[in-house]
Amino acid sequence: MTRTIFQEQVLPIRNKLYRFALRITGSVHEAEDVVQEVLEKVWKTAPEQSVNVQNWEAWCMTLTRNRSLDKTRSQSLRRTAPLEGVAERSADGYNPAQATESADLVQKVKQLMQELPDKQRMVMHLRDIEELSYEEIAEALSISMEQVKVNLHRARKTIREQMTGLT
Amino acid sequence: MKYEQIQALLDRYWEGETSLEEERALKAYFNAGPIDERLRNVAPLFRALKEEQLVELKTKAKAASIRPQMYQWAAAASVALLLAAGWWMWPKATDQQMAPMAHQPATPIAPQAPTTIPQESVAAIQPQKPLVNKKPAKRKSQPGNKSTQQEIDPETAMAMAEIKAALALVSAKLDKGKTQAVKKASYLEVVEKVPKRTEG
């Protein structure tokens, strides 16, 4: 791992890694730990191994997913926990009266996403929040494109169904 | 964008048929100006997605994760310092215990000793004699110079050192306990929610 690659390709995606870790672990603290560990691991990658890495972002995402899943398993933490730290974020950009009314619904939708099964949650996160292509998602999660599509479809369907129950 | 356009995009979104570009258009629509009333019920989803995109690793987080390590080093350093201090105090304390008896006759002589044996002699003694001898030699100069100020010193200093050591230990334990408590607390919060979740 060279300093240049690290600074130009790995460091800039740390927020992305953090959001992904947060999505899986549901804990700010755990997610911070995961990011730190992943960055450390990437930094220590041996030169001969780093030559083989074509796509640093996908590789970092895979490391983040594995590490996050390890954490949730070892701690038997469930990520159904409401995402910490996002609750206080106010919905801005539209009129305040609507905002307060809908801010609550926005939180509920976040909670619904957090309650999706692992794979669906990860796929939906990478697509709808990180805006990755199906290929990139397949690579990051080491699953087939077909699996990506199926899981995304299921995730959105579940969210849609549950959202009608909210309003 | 018109309602029909958005509705068409939405239909394709639910089916997983939209492109990234179209999905961005949906997010933009629901996060910008006024929304068509008929689309109000799906707005929270696209607002949630937008908000989640803005979540960032706080710099505070970095500091927090470094701090425990700093405390460890600080604790280790203070323990080392206290050990060194204790080792330094030891000969001084024994010195002072004998002092009451030796003091009255010794005081007139003591002030002379440091003036006549400054650096060269100390340097000369150092290599030959064991370390312990060096300490008393240095110490003796102090009772002579400032015996009135230093009378309470050795015992108080020892006591202070003990207290500091105890406090450092307590502080280290507290810090460790706090991090563990935080972990446990978040764990408990999470455990409460486990039954809600459905496996898939």
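In chain B of this predicted model, helix α2 (residues 20–31) packs against α3(B) at an angle of about 105°, with 9 Å between the axes. Since 65 to 115 degrees counts as roughly perpendicular, α2(B) and α3(B) are therefore roughly perpendicular to each other. Helix α3 of chain B (residues 43–53) also packs against α7 of chain A, and A:Met124 turns up both in that contact and among the residues with the most contacts inside the largest nonpolar core.

- From α2(B), the contact draws on B:Leu26, B:Lys27, B:Phe30 and B:Asn31.
- On the α3(B) side you'll find B:Ala43, B:Phe46, B:Arg47, B:Leu49, B:Lys50 and B:Gln53.
- Sorted by class, the α2(B)–α3(B) contact has five nonpolar, two polar and three charged residues.

**The nonpolar core and A:Met124**
- The largest nonpolar core counts 63 residues, and the ones with the most contacts inside it are A:Val42, A:Met124, B:Leu10, B:Phe30 and B:Leu45.
- Helix α3 of chain A (residues 28–43) supplies the largest share of this core, with seven residues.
- Leaving out residues up to four places away in sequence, A:Met124 touches A:Met113, A:Leu116, A:Ile129, A:Leu152, A:Ala155 and A:Ile159 in chain A, plus B:Tyr13 and B:Leu45 in chain B.

**Chain A at a glance**
- Of its 167 residues, 53% are buried.
- Take the chain A contacts between residues at least 6 apart in sequence, and 72% of them join residues at least 24 apart.
- The accessible surface of chain A is about 7700 Å², with 48% of it belonging to carbon and sulfur atoms.

**Chain B at a glance**
- Chain B has eight helices and zero strands, running α-α-α-α-α-α-α-α along the sequence.
- Buried residues account for 24% of its 200 residues.
- For chain B contacts with a separation of 6 or more, 59% come from residues 24 or more positions apart.
- Chain B exposes about 13800 Å², and carbon and sulfur atoms supply 63% of that.

**Backbone spots to check in chain A**
- Most residues other than glycine have a negative phi.
- A:Glu131 has a positive phi, near 60°, and is found in the loop between α7 and α8 (134–141) of chain A.
- A:Ser142 has a positive phi too, near 50°, and is found in the loop between α8 and α9 (145–166) of chain A.
- With a relative accessible area of 52%, A:Ser142 is exposed, because the cut-off for exposed is over 50%.

Note on methods
Residues are numbered from 1 along each chain as its sequence is written. Chains are lettered from A and ligands numbered from 1 in the order in which they are written. This is a predicted model: local features need pLDDT of at least 70, side-chain atom pairs count only at pLDDT 80 or more; totals for chains, interfaces and linings use all residues. Side-chain values use heavy atoms; hydrogens and water are left out. Axes are lines fitted to C-alpha atoms, for helices over the stretch in contact, and angles run from 0 to 180 degrees between N-to-C directions. Helices (H or I, at least four residues) and strands (E, at least two) are DSSP runs, numbered from the N terminus. Contact means heavy atoms within 4.5 Å. A nonpolar core is a set of buried Ala, Val, Leu, Ile, Met, Phe, Trp, Tyr and Cys residues joined through side-chain atoms within 4.5 Å. Buried means under 20% relative accessible area, exposed over 50%, partly exposed in between (1.4 Å probe, protein chains only). Accessible areas come from the Shrake-Rupley method with a 1.4 Å probe; for residues, only the protein chains shown count as cover. Angles under 35 degrees count as roughly parallel, over 145 as roughly antiparallel, 65 to 115 as roughly perpendicular and the rest as oblique. Ala, Val, Leu, Ile, Met, Phe, Trp, Tyr, Cys and Pro count as nonpolar, Asp, Glu, Lys and Arg as charged, and the others, Gly among them, as polar.
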